[in-house]
Amino acid sequence: MNSKQKKILAAAIAAGLLLSLIGGGFTVASFIQKGAVSRAAQQRQNTLALVREYVDRGEYDHALDLLDGLLIANPSDEDARSLMEAVVAARKAQAALDSGSGEAAELKAALEAARLAASRISAAADAAQRAASMTQNAGKQALAASDADKAAADKAAADKAAADRAAAERAAADKAEAEKAAAAERAEAERQKQEQAQAEEARRKAQEAALAQKNAEMQKRVQEVNELISKGKESAAAGSLRSALSSFESAEQRIPAEEKGFAASKYLEMAQSLYDIASSSTDSTVRDEALSSALEYANKSAAADPSVAATHFLKSQIYEAQKKPDAALQEALLAVKLDPGNYLYFYELGKKQYLKRQYAEAVKSFLSVTRLKPDFEAGFFNLGMSHKAAGDANAALAAFRGAVKVKADYVRAHVEVARLLEKKGDAAGAEEAYLTALKHEPNNVSALRELAALYSKGGRYADAERYFREALALGSNDAQTNYNMATVLLELGKDDLALDYAKKAADGDSKNAVYLYTYGLAGERKGMLDIALQQYARSIAADPKYVKPRINLGNMYLEANRVDDALNQLLAAYGIESDNFEVNNNLGKAYGLKKQYSKSVEHFAKAMAKSPKDTSVRMNLASAYVSAALPEKARDTYADLLKIDPKQWDAAYELGKLQVSLGDKSGAKKTFGDLLAANPSYPKASEVRSLLSTL
């Protein structure tokens, strides 16, 4: 932060920049114009009134949360601080009474004190606001209020429109990917259906040929049944359920009861046709009746011949359409038991087991699929998904690789390979897999986003920017992608662009503390301190335990020489993460400015323990030791620092001076001599020579 920005921040704070907690979020109030009634003051008044209401109801924690918000917004609010002390006292008295160690009189007195404090502060705020209102020019007041309301309404409308656009774009991208996957599923289902139908047709023809050889009467009945079923199937294909059912009923009456195999085959044929009606119908009434009738004929087929696997497979499909997953699973299990050589039965069984989270069983089913049909890529892919869900990453990786071996352009499998390799720490392998997926499908948004995130994690920010930009251009305008793009641009120093994407992320998810913090960080980098203050405060409100915005607010206060305000934020962060390097390093600085050197030493030491190779924190710690009158500690710290980095010339200079003060003349001579020999142009070389001349 440069000197100009420091002055801006100091002026902003000194002028009373007020952060108000409204509905769980902070907003930066406009600077108060001469004679204008502060809207922020009204919000503060409303908050205080709510505090009093919570105290009256004994809801102390809610009251303290609101007061925390006021003090986070304005640590100098002494009224809020005194009220907080009264509420804390009341809460303690209540806890003591509840535990049996307190007296009712004590609680009554504490409650009365809290209520009186709330009333006094609220009344004072009311009086101040009325006084300000009386000095207001009525015309200007109305105009200012109108303009402020209009601006707020415009901003709210713009924010909502941006969020709606982002949601619509995200939904469109997700819908496109879902439709693509659904189309592939439909194509696969149709292929399976045709394959199954061909097998059934061949079996039926063989069966009917055997029947026809018996006698002319049987041949005639077979022909009549087939004609009626054919007529029913034509009606079914045309979408006429009533006509189809009528033809099937007539066919049923002509089926020879003694020919169980033939009856089972014809009932199955009718059930399949009715199931097809249900599958293609958009009318829920027709669909439900068709499914019910299909199940009735399938049951008749199973009764005629329980050993036909195709009947149980169809029953499984019907039960699934009727949303009866347990019955569907049992029929699928029976189908594979009756026909263990049919890979499609195992494939459908595996899918049902996966949906019921029976991952170990699904693995077995899909293994059977890949054994029975090694050129079926979907079998390998679903085997990979089952292994992945079961927690076996190596087996999943092998299965996905099997899928792309069968089908080189299987994009989903390439993406899964990339994800697993990334988890295993193989960034190069993951990159190759993502790039292969994009070679076959350049507009795959998932691959673009995830490859960009991989590059970002590896510090390849220019590459990450390129692929995030492509993903955003293709409709992936969700909050997460905008956030990722913002972080990459911040790393690249493109603060202008980063601010835009960070804002989109925050607008897309206004409760995400990380997104709000990143928006504030981008604002701070741009010197837009009002945005930084606003968004850091909103981030704290969204997640009070998220320390990064508190650290940055503390830094901003330190830069503006508001040490007490900095301490408020940094101590709150310390209470959340006591071993955080930045928190402790900055607390060391703050306590040093407060001349509380023992505390400064304590926190610099904690920071150094967290990051032992950080030379700047060792310098800070050594300096704090000097201020705390611990010269031996300072000497040892400087000496350790020079072991890490012998070119820390200032550390050598300070070490030599300490050695002089401690009477170690030989040590000082060596330190100063080594310094001048290594860096004769050291800016303080003349001082070093002067000190050497005294030794």
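This is a predicted model: local features need pLDDT of at least 70, side-chain atom pairs count only at pLDDT 80 or more; totals for chains, interfaces and linings use all residues.

Let me start with helix H12, which covers residues 325-338. From first C-alpha to last, its 14 residues reach 20 Å, close to the 20 Å expected at 1.5 Å a residue. Which residues of H12 are buried? They are Ala328, Leu329, Glu331, Ala332, Ala335 and Val336. Viewed down the axis of H12, these buried residues fall within an arc of 165°, so they line one face of the helix. They pack against helix H11 (309-321) and helix H13 (343-355). On the other side of H12, Asp326, Gln330 and Lys337 are exposed.

I turn now to the salt bridges, of which the whole structure holds 35. One of them joins Glu331 to Lys315, with the closest N and O atoms 3.4 Å apart. Glu331 belongs to helix H12 and Lys315 to helix H11, so the pair ties together parts 16 residues apart in sequence. Both Glu331 and Lys315 are buried.

Another salt bridge links Lys388 with Glu416, the closest N and O atoms being 2.6 Å apart. Because Lys388 lies in helix H15 and Glu416 in helix H17, this pair ties together parts 28 residues apart in sequence. Lys388 is partly exposed, at 32% relative accessibility, whereas Glu416 is buried, at 6%.

Finally, Glu320, Glu348, Lys351 and Lys352 are linked in a network of salt bridges. Of these, Lys351 is also touched by Asn382, a residue of helix H15. Asn382 counts as buried, at 16% relative accessibility.

How values were computed: Residues are numbered from 1 along each chain as its sequence is written. Side-chain values use heavy atoms; hydrogens and water are left out. Helices (H or I, at least four residues) and strands (E, at least two) are DSSP runs, numbered from the N terminus. The expected span of a helix is 1.5 Å times one less than its number of residues. Buried means under 20% relative accessible area, exposed over 50%, partly exposed in between (1.4 Å probe, protein chains only). The arc is that of the directions from the helix axis to the C-beta atoms. Contact means heavy atoms within 4.5 Å. A salt bridge is a side-chain nitrogen of Lys or Arg within 4 Å of a carboxyl oxygen of Asp or Glu. Lists of a residue's contacts leave out its neighbours within four places in sequence.
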